[in-house]
Amino acid sequence: MAKILVIEDENRMAELLKRGLEESGHTVGTATNVSEGLRMFAYEKQDIIISDIMLPDGSGFDLCRDIRRQNETVPILILTALGTTDDKLEGFDSGADDYMVKPFDFRELNARISILLKRCQIPTVECIEYADLKVYLRTNSVSRNGQSIILTPKEYNLLLFFVQNPERILTRTEIAEKVWDTHFDTGTNFIDVYINYLRKKIDKNFNTKLIHTKPGMGFIFSYENPY
């Protein structure tokens, strides 16, 4: 189904992942450190990267950044025991598409892999336009009023969810489920942090604001302030 590169230095976990993913029909290669993982990635095309954070010769976050400099679209899933909000934010900021915390359920891992693979399918629609904002689906790029806007992969996915659901209230729970494919503790400000990141890039320097907050309910994407 997919060619997956697993970067994990704990032999028992690496074997568990390899065996479980192969039983699900995937082809799996393994690396035990950052340098080996980068060599394997450069040598052969991979459909998905699954990486730990704590590796012998560096950080999985640095690995993500290195891969993103070479390839902006290959899905990267971080699988780690580090599960704080700050860890997750750094993972997404470094270019990861998804983040799972050990211990994990293989059924959930396989579900997330399936979702990441679907996201990589070439879209039939090339561009979504809303007001003066354009989202180019084939290149995962964005512009507003003709000005190019650089987004991280997770910021792009968040914006895409907004433009696909304009002018309706999106709750934090719905955003977490649809953009991050998971449930986050509603007591954290994880979603709000990323909304703020996105606002600074697509709204701050423009007169018309597109992202609005409905207090106590969520957010709405609209070229007119509904409140």
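**Group meeting: salt bridges, a helix pair and the backbone**

Let's start with arginine 138. Its relative accessible area is 44%, which makes this residue partly exposed. For the cut-offs, buried is under 20% relative accessible area, exposed is over 50%, and partly exposed lies in between, with a 1.4 Å probe and protein chains only.

A word on the model. It is predicted, so to speak of a local feature I need pLDDT of at least 70, and side-chain atom pairs count only at pLDDT 80 or more, while totals for chains, interfaces and linings use all residues. Numbering runs from 1 along each chain as its sequence is written, and side-chain values use heavy atoms, with hydrogens and water left out.

Back to arginine 138. What does its side chain meet? Glutamate 126, in a salt bridge of 3.2 Å, N to O. By salt bridge I mean a side-chain nitrogen of Lys or Arg within 4 Å of a carboxyl oxygen of Asp or Glu. The partners come from distant parts of the chain, 12 residues apart: glutamate 126 is in the loop between H5 and strand S8 (127-130), and arginine 138 is in the loop between strand S9 (133-136) and strand S10 (141-144). Helices here are DSSP runs of H or I, at least four residues, and strands are runs of E, at least two, numbered from the N terminus. The C-alpha atoms of glutamate 126 and arginine 138 are 5.8 Å apart. Glutamate 126 also touches Val135, Tyr136 and Leu137, along with Arg138, once neighbours within four places in sequence are set aside. Contact means heavy atoms within 4.5 Å.

Next pair. Aspartate 132 forms a salt bridge with arginine 144, and the closest N and O atoms are 2.8 Å apart. Aspartate 132 sits in the loop between S8 and S9, arginine 144 in strand S10, again a link between distant parts of the chain, 12 residues apart. Buried or exposed? Arginine 144 is buried, at 1% relative accessibility. Aspartate 132 is partly exposed, at 28%.

How many salt bridges in the whole structure? The count is 18. One of them joins glutamate 8 and lysine 102, at 2.7 Å, N to O. That pair is 94 residues apart: glutamate 8 is in the loop between strand S1 (3-7) and helix H1 (11-23), and lysine 102 is in the loop between strand S7 (98-101) and helix H5 (106-119). Glutamate 8 is buried, at 3%. Lysine 102 is buried too, at 16%. Asp52 joins in: Glu8, Asp52 and Lys102 are linked in a network of salt bridges.

Stay at lysine 102 for the backbone. The peptide bond from lysine 102 to proline 103 is cis, with omega near -5 degrees. Proline 103 is in the loop between S7 and H5.

Asparagine 145 is not a glycine, yet its phi is positive, about 50 degrees. This residue lies in the loop between S10 and S11, and is exposed, at 59%. Glutamate 167, also not a glycine, has a positive phi of about 60 degrees. Its place is the loop between H6 and helix H7 (172-179), where glutamate 167 is partly exposed, at 48%.

Now the helix pair. The axes of helix H4 (residues 85-93) and helix H8 (residues 190-202) come within 11 Å and cross at roughly 35 degrees. Which residues make the contact? H4 gives Thr85, Lys88, Leu89, Phe92 and Asp93, and H8 gives Phe190, Val193, Tyr194 and Tyr197. By class, that contact has 6 nonpolar residues, 1 polar and 2 charged. Axes are lines fitted to C-alpha atoms, for helices over the stretch in contact, with angles from 0 to 180 degrees between N-to-C directions. Nonpolar covers Ala, Val, Leu, Ile, Met, Phe, Trp, Tyr, Cys and Pro, charged covers Asp, Glu, Lys and Arg, and polar takes the others, Gly among them.

Threonine 152 is in contact with Asp93 and Lys201, leaving aside neighbours within four places in sequence. Threonine 152 lies in the loop between strand S11 (147-149) and helix H6 (153-164), and is buried, at 15%.

Last, the cysteines. How many disulfides does a search of the whole structure find? It finds 0, where a disulfide is a pair of cysteine sulfur atoms within 2.5 Å. Cysteine 64 is buried, at 0%. Cysteine 127 is partly exposed, at 25%.
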